[in-house]
Each structure stands twice: as structure tokens, then as C-alpha cells.
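Please keep the sequence and the coordinates at hand while reading.

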Amino acid sequence: MSETAPTSPTVTTSATSATSATATTRAAIDTRVVMDAEQISRACARMAHQILEANRGAADLMLLGIPTRGVDLAHRLAAAMADVEGVTIPTGSLDITMYRDDLRRQPTRAVGHTHLPSGIENAVVVLVDDVLYSGRTVRAALDALGDLGRPRAVRLAVLVDRGHRQLPIRADHVGKNLPTAASERVRVRLEEVDGVTEVSISRPAGPPPEPASGADDLAEEH
Amino acid sequence: MRHLLSAGDLSLGEVMEILDLAEEMSAVQDRPVKKLPALRGRTVVNLFFEDSTRTRSSFEIAGKWLSADVINVSAKGSSVSKGESLRDTVMTVAAMGVDALVIRHMASGAPWQVTGWVDAHVLNAGDGTHEHPTQALLDAFTMRRHFRALDGSDLRGRTVAIVGDITHSRVARSNVLLLQTLGAKVVLVAPPTLLPSGIDSWPVAVSHDLDAVLPAVDAVMMLRVQRERMSGGYFPTPREYTIGYGLTRNRLAALRKGVPICHPGPMNRGLEISAEAADAASSLVLSQVAAGVAVRMAVLYQLLGGADEMPLTRVREAVA
């Protein structure tokens with residue numbers, strides 16, 4: 001689950017129409033690819049090495065991806081770690097929808113799939129997500145984990161850290177640090193879901209819009 | 001979705017969404033902490049004007065596992081026994097600021113009536129001989145799970161026999177509507193006296209011969225003989241009912257291997273279902289009860305999990 005931009009609680013009719021008008025313009029404006037498939041693959045391989053190094057091997061490791069793209073990234077990391085260490089790291093998914101702090105601000109959200117490959121008790125859980133932005137998704141994931149058991153440690157691996165944290169959270173393993181403006185959108189696309197693998201960044205034209213007011217159409221974009 | 005009044009109100013997409021969500025919810029049963037924070041701060045009132053064990057308690061557990069506050073009000077021991085009207089009771093409860101009302105009432109259409117009086121979400125937990133949508137959803141959930149485990153298929157194209165007192169059964173009505181949406185074929189089996197008038201217009205096949213139907217079906221749903229709703233004369237004796245329409249030991253043997261048996265409960269063992277059938281390996285009766293919690297969690301989440309839409313009464317005020 002990707003993070004939306006900080007939401008403004010008040011949505012007026014005029015603001016909504018203004019936003020949708022801007023969204024149309026923005027889509028056409030200045031999108032550039034910052035990571036291609038090759039670079040993403042290299043970043044995953046490096047992160048796989050780093051995770052194994054920090055853990056001094058594969059013992060007790062478990063990868064839990066946050067749906068949607070975090071799950072596919074977790075599987076990519078697991079594959080890369082299998083190449084390095086020759087072991088299969090238990091890999092699963094952790095849906096955080098019902099732990100979100102903005103649940104009540106949107107129409108009912110679809111709940112994703114949670115799959116634990118084994119018990120998380122005393123495991124070293126590495127949470128995997130595509131983009132780290134406000135930190136709210138990770139906060140929700142930590143709460144969700146707490147209800148499932150007590151891991152020995154929890155680490156965080158993200159493909160892109162774009163800054164603008166709203167909570168005291170940082171990643172242990174980062175594929176790419178990407179300085180952004182809050183008005184920009186970062187979009188991770190993966191072959192498994194989107195048919196193409198790349199990270200792109202779009203800059204809106206004109207004055208920065210109220211971020212993500214009301215609509216959830218930015219959910220997969222950052 | 002604002003209310004859940006009839007199984008017929010749900011589109012195929014909405015049904016699938018609820019069933020898939022219920023699969024996720026059912027995982028909570030196996031967790032060390034049986035609690036999800038999704039409905040924190042929401043209040044759900046179970047308003048039961050008729051006796052119930054499983055529906056009321058499973059709605060209560062479902063609400064609590066989603067962190068809602070759940071309050072039970074039953075007709076016995078409340079002001080209803082002092083002669084308070086449905087409207088006054090509902091308005092009183094609603095005035096306390098509840099988010100959802102789960103209503104069971106002996107009058108068909110009572111939950112629908114209530115939606116015009118209050119802003120809260122209304123869930124039909126059984127109204128007279130009309131509908132019981134969450135029961136149909138949990139039946140579909142249980143059967144779908146069974147078929148998926150068997151050969152990976154779902155309910156589309158399956159033939160389901162619903163056997164027994166169709167006239168008085170809200171379970172049968174909701175199941176017919178939901179199974180039709182899911183693309184299953186329904187055969188209703190009952191003596192002519194227990195089939196409602198106008199059955200010709202239902203999207204079902206009708207039979208009076210259980211023995212002829214059983215070998216061909218993919219699932220059997222036995223209905224309870226509801227003696228409390230009958231004023232006699234529907235069949236000569238209980239024994240004759242069992243001979244004609246009970247799922248006896250012999251009939252159990254006539255079913256194809258692995259055909260699941262459902263019963264919404266409470267069972268009259270020895271009347272509509274034999275002990276052998278109730279306790280058979282292919283009996284899904286207890287799975288149905290477990291599914292009841294997961295399905296009701298899914299429904300409560302769908303109704304209460306997001307932002308509040310403007311309720312109809314407020315829309316009317318805004319327009320006026």
C-alpha cells in the first residue's frame with residue numbers, strides 16, 4: 001500500500017473540481033523516468049546483500065511486503081537473496097488497510113491479502129514497500145504486526161525514499177534516495193502488476209495543488 | 001452500500017467483494033489478538049425482537065473483533081414488553097447516537113421501515129418470513145469454500161437443493177436471490193402445503209420428490225421446520241414429514257460422494273435431518289457458524305469502514 005499525500009480535511013465542491021482540472025493538466029506535464037528496470041534490479045540486489053549483511057546471514061529472516069507493489073518487491077528481494085545465500089527466505093504479505101489512520105476520511109477501502117509464511121514470533125521481520133513518504137503506512141504496518149505476534153526485530157526496506165516524513169520513522173535499507181517536492185508524484189511500476197518496470201517522477205504545472213484532497217486517485221502515486 | 005436489507009440488493013461484484021473480504025476476516029479467528037481496529041469508535045446496536053442465539057452472538061463477536069462497541073437490546077426485558085412501539089424503540093436507541101442497527105423482527109419489512117426513521121446503517125438480521133441476507137451470504141461463503149477446496153471452482157453452474165418449509169423461510173428467500181446472483185441453480189423441494197403462492201415467478205425449479213432430486217444435486221440445504229410460525233395443517237404428522245422430506249440415513253447414502261449438507265440451525269434432529277446426516281463428514285453445519293462471524297465482519301466493515309455518506313434524511317433536509 002502506497003501512501004497518499006497529506007490530506008486536507010476540508011473538501012469543498014470548488015476545490016474538488018479544481019483538483020480534477022489540475023490532475024488532467026498534470027498528467028501531461030514533465031514526467032521523467034528516474035530508475036529503469038536495470039537500475040531497479042541492481043538496487044534490489046544491493047538491498048538483498050545489505051539485509052543479509054546486517055542480519056549476519058539468513059537466520060530467522062522473514063520478508064513481508066505491503067500490498068500491492070511491496071509484495072512483488074519482497075519476492076524480488078527473496079529471489080536476489082536466494083542467489084546470494086542459496087536459501088529461501090520465507091516471504092509473505094501484510095495488509096495494513098484496517099490500520100490506516102485515514103480510514104474514516106475515504107469511502108470504504110478494499111482490504112488486501114495478508115499471508116504469513118510462518119509464525120512471526122521471534123523472527124526478524126523485514127517490511128518491504130515501494131515508496132517511503134509520510135511514514136504513515138509503516139506506522140500502520142507496525143501496529144498490524146503487533147497484533148500478529150512479537151517479532152525479535154522489525155526492519156524496513158523501501159525501493160524509493162522520497163522524504164517528507166510526518167512521523168519519526170526511517171528506513172534501514174533504501175534502493176534510492178529521491179529528493180522531491182511535496183507537489184511532485186513518484187510512481188513505481190513493476191512488471192508483475194503494471195507490465196513495465198520503472199520509477200518515474202511527475203511535476204505538476206502551475207501552483208502546487210492541495211495534495212490529494214478527498215480523492216484516492218493518488219493512492220498508487222507519490 | 002448504506003444498508004443491508006435484502007440479498008437481492010447486492011450485485012455480483014458486491015457479493016464477491018463481501019465473500020473475498022470474509023476470507024480475509026476469517027483469518028482473525030486464528031490470530032493471537034482477535035481484534036482489528038477498523039471500526040474503533042463505532043457503535044453497533046443489536047435490536048432483537050425475536051429469539052436468536054447464533055445470529056445475535058455472531059453479530060456481537062463480529063462487531064467486537066472489529067473494535068466497535070456492541071450493545072444488545074432484546075424485546076424481553078426491554079420497554080418493548082411494556083408496549084413500546086417499534087418506531088419509539090428504534091428512535092430511542094438511535095437518539096443515543098448509534099452508527100448501525102442490526103434488526104431482527106417478526107414483521108416482514110420492519111428493517112426497511114426503520115431506514116426511513118433513522119440515520120444509522122440498518123442491517124436486516126431476519127424479518128418475519130421475508131429475508132435473512134447475512135445467512136444467505138454465510139451459506140454462499142461456506143459452500144464456495146467447500147467447492148474451492150474440492151476442485152477450485154465456485155458456485156457458478158452448481159445445483160443447490162433447498163429442502164423443507166419454504167413458505168415460512170426467510171433463509172430460503174435470501175438464498176434463492178443470492179444463489180441466482182452467483183449463477184447457481186436452485187431446486188426447491190417441499191410438500192405443496194409448504195410452498196408459497198406465486199412460486200412460479202421465482203427463478204427456481206420446484207419438486208415434491210426429494211428422492212428424485214438428491215442424486216443430481218451438488219449441495220443440499222435443509223431448512224428447519226418452524227413450528228412456531230405454523231398454525232397446524234401443513235403436514236399430517238412429524239413422522240410423515242420425515243418420511244417424505246427428511247434427510248434420513250438412507251437419503252444420505254443416495255447423495256453423490258462429498259456433496260455438502262447445510263442447515264441454518266437450530267436443527268430438529270430426527271425431524272428434517274437425521275443425526276447421521278447432521279454429523280456426517282460432509283456436513284457443513286459448524287463451518288456455517290464459524291463463517292457467520294467472518295461474513296458479518298465483512299458486512300459491518302463494508303457499511304461502517306469508510307467515511308460517512310450523507311444520510312437520506314439529511315439529503316432531504318438539504319434539498320428542502
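In this predicted model, L155(B) is buried, because 24 other C-beta atoms lie within 10 Å of its own, where 20 or more are needed for that class. The residue is found in a loop of chain B, the one between helix 5 (133-151) and strand 5 (159-163).

**Surroundings of L155(B)**

- Once its neighbours within four places in sequence are set aside, L155(B) is in contact with A140(B), M143(B), R144(B), F147(B), L179(B), L182(B), G183(B) and A184(B).

**Domains of chain B**

- The domain assignment divides chain B into domain 1, which covers 7-132 + 290-319, and domain 2, which covers 133-288.
- The centres of domain 1 and domain 2 of chain B, taken over C-alpha atoms, are separated by 26 Å, and the contact between the domains takes 24 residues from domain 1 and 25 residues from domain 2.
- On the side of domain 1 of chain B that touches domain 2, the elements giving two or more residues are helix 1 (12-26), strand 4 (121-127) and helix 11 (285-304) of chain B, and the largest share, six residues, comes from helix 11.
- By class, that side of domain 1 of chain B has 12 nonpolar, eight polar and four charged residues.

**The largest nonpolar core**

- The largest nonpolar core has 144 residues, and those with the most contacts inside it are L77(A), V163(B) and L300(B).
- Helix 11 of chain B gives the most to this core, with 12 residues.
- Both domain 1 (7-132 + 290-319) and domain 2 (133-288) of chain B give residues to this core, so it lies between them.
- Apart from its neighbours within four places in sequence, L300(B) is in contact with L39(B), V44(B), A62(B), G63(B), L66(B), A68(B) and A100(B).

**Overall form of chain B**

- The secondary structure of chain B comes to 12 helices and nine strands, and buried residues make up 44% of its 320 residues.
- For 320 residues, a compact globule would have a radius of gyration near 20 Å, and the 20 Å of chain B agrees with this; along the principal axes, its C-alpha atoms fill a box of roughly 60 × 45 × 35 Å.
- Among the contacts in chain B with a separation of 6 or more, 75% are accounted for by residues 24 or more positions apart.

- Chain A has five helices and eight strands, which follow the pattern α-β-α-β-α-β-β-α-β-β-β-α-β when read along the sequence.
- Buried residues make up 40% of the 222 residues in chain A, and residues 24 or more positions apart account for 75% of its contacts with a separation of 6 or more.
- Between the two chains, 15 residues of chain A are in contact with 14 residues of chain B, and the side of chain A that touches chain B has six nonpolar, five polar and four charged residues.

**Confidence in chain A**

- The mean pLDDT of chain A is 85, and 79% of its residues reach 70 or more.
- Over residues 1-27 of chain A the pLDDT is below 50, although this stretch has 52 contacts in the model beyond near neighbours in sequence.
- Over residues 211-222 of chain A the pLDDT stays under 50, and the model has 34 contacts for them beyond four places in sequence.
- Where pLDDT is low, the predicted coordinates should not be read in detail.

**Backbone geometry to check**

- Most residues other than glycine have a negative phi, and most peptide bonds are trans.
- A cis peptide bond, with omega about 5°, joins P67(A) and T68(A), and T68(A) has its place in the loop between strand 2 (61-65) and helix 3 (69-85) of chain A.
- The peptide bond from G265(B) to P266(B) is also cis, with omega near -10°, and P266(B) is in the loop between strand 9 (261-262) and helix 10 (275-278) of chain B.
- R56(A), which is not a glycine, has a positive phi of about 55°; this residue lies in the loop between helix 2 (37-54) and strand 2 of chain A, and it counts as exposed because it has 7 C-beta neighbours inside 10 Å.
- H164(A) has a positive phi near 65° and is found in the loop between strand 5 (153-161) and strand 6 (173-177) of chain A, where its 19 C-beta neighbours inside 10 Å make it partly exposed.

How values were computed. Residues are numbered from 1 along each chain as its sequence is written. Chains are lettered from A and ligands numbered from 1 in the order in which they are written. This is a predicted model: local features need pLDDT of at least 70, side-chain atom pairs count only at pLDDT 80 or more; totals for chains, interfaces and linings use all residues. Helices (H or I, at least four residues) and strands (E, at least two) are DSSP runs, numbered from the N terminus. A residue is buried if 20 or more other C-beta atoms lie within 10 Å of its own, exposed if 12 or fewer, and partly exposed in between; C-beta atoms are placed from the backbone. Two residues are in contact if their C-beta atoms, placed from the backbone, lie within 7 Å. Domain bounds come from an automatic or database domain assignment. Ala, Val, Leu, Ile, Met, Phe, Trp, Tyr, Cys and Pro count as nonpolar, Asp, Glu, Lys and Arg as charged, and the others, Gly among them, as polar. A nonpolar core is a set of buried Ala, Val, Leu, Ile, Met, Phe, Trp, Tyr and Cys residues joined through C-beta atoms within 7 Å. The radius of gyration is taken over C-alpha atoms; the globule rule is 2.2 Å times the number of residues to the power 0.38. pLDDT is the predictor's confidence in each residue, from 0 to 100.
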